[in-house]
Amino acid sequence: MASKKNNKATPKIDKVEPSEKSDKKILAFVERCEDSGNLETLVRNATKLGNTIVADAAFRKRISLVPAERPGTVEHDFWQTVQAFEFSLSEERGKTTRLLRTRKQVEKVGVVQTLRDWNAGAQEAAGFKSLLGRGMPEFTGEAITLRHPEHFEPKTLEAARQRLTVAGVDLDRLP
């Protein structure tokens with residue numbers, strides 16, 4: 001007959017870190033990571049796991065790495081937007097997607113004129129809806145226009161303001 005003496009034994013369970021604690025570690029990694037490939041992988045994996053906090057942070061860091069322009073300039077903000085939309089399209093389509101027409105337009109007329117054209121259009125640019133859907137209104141061409149009013153005419157600024165307002169974006173909350 002087996003003894004009941006060691007009935008208190010419990011199976012060994014590996015310690016699992018609480019989600020908040022592991023998220024903090026991952027977010028710290030994201031903050032110091034300078035490798036776009038690692039960040040893209042992190043975005044994909046976090047998205048698969050449903051971890052929107054990590055996916056969003058890695059996505060934002062990823063697109064901030066690309067522009068060669070000085071942070072805070074209209075050009076830097078513009079290229080972040082292009083990267084954000086290209087990355088989103090690449091994810092959706094499962095293959096690398098580049099905004100070739102936008103890139104050619106910039107080569108031809110420059111960043112500021114491209115933003116003016118986007119704001120003047122009767123319809124919003126394709127990236128506008130995509131970025132709003134991702135909860136990133138600050139990366140839209142309209143938001144860039146409002147952040148850099150010294151480059152734009154009042155008519156262009158009003159068009160940007162109007163488009164964002166109609167889309168339900170709280171202008172006071174835009175960075």
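Biologist: What pattern does the protein chain follow when read along the sequence?
Modeller: It goes α-α-α-α-α-α-α-α-α, with 9 helices and 0 strands. Helices (H or I, at least four residues) and strands (E, at least two) are DSSP runs, numbered from the N terminus. Mind that this is a predicted model: local features need pLDDT of at least 70, side-chain atom pairs count only at pLDDT 80 or more, and totals for chains, interfaces and linings use all residues. Residues are numbered from 1 along each chain as its sequence is written, and side-chain values use heavy atoms, leaving out hydrogens and water.

Biologist: Why are H2 and H3 called roughly antiparallel?
Modeller: The axes of H2 (residues 36-49) and H3 (residues 52-65) cross at roughly 155° and come within 8 Å. Axes are lines fitted to C-alpha atoms over the stretch in contact, with angles from 0 to 180 degrees between N-to-C directions. Under 35 degrees is roughly parallel, over 145 roughly antiparallel, 65 to 115 roughly perpendicular, and the rest oblique. So H2 and H3 land in the roughly antiparallel class.

Biologist: Which residues of H7 are buried?
Modeller: Gly 127, Phe 128, Ser 130 and Leu 131 in H7 (residues 126-133). Buried means under 20% relative accessible area, exposed over 50%, partly exposed in between (1.4 Å probe, protein chains only). The buried residues of H7 pack against H4 (74-93), H8 (141-147) and H9 (154-166); contact means heavy atoms within 4.5 Å.

Biologist: How much of the protein chain is buried?
Modeller: Buried residues make up 38% of the 175.
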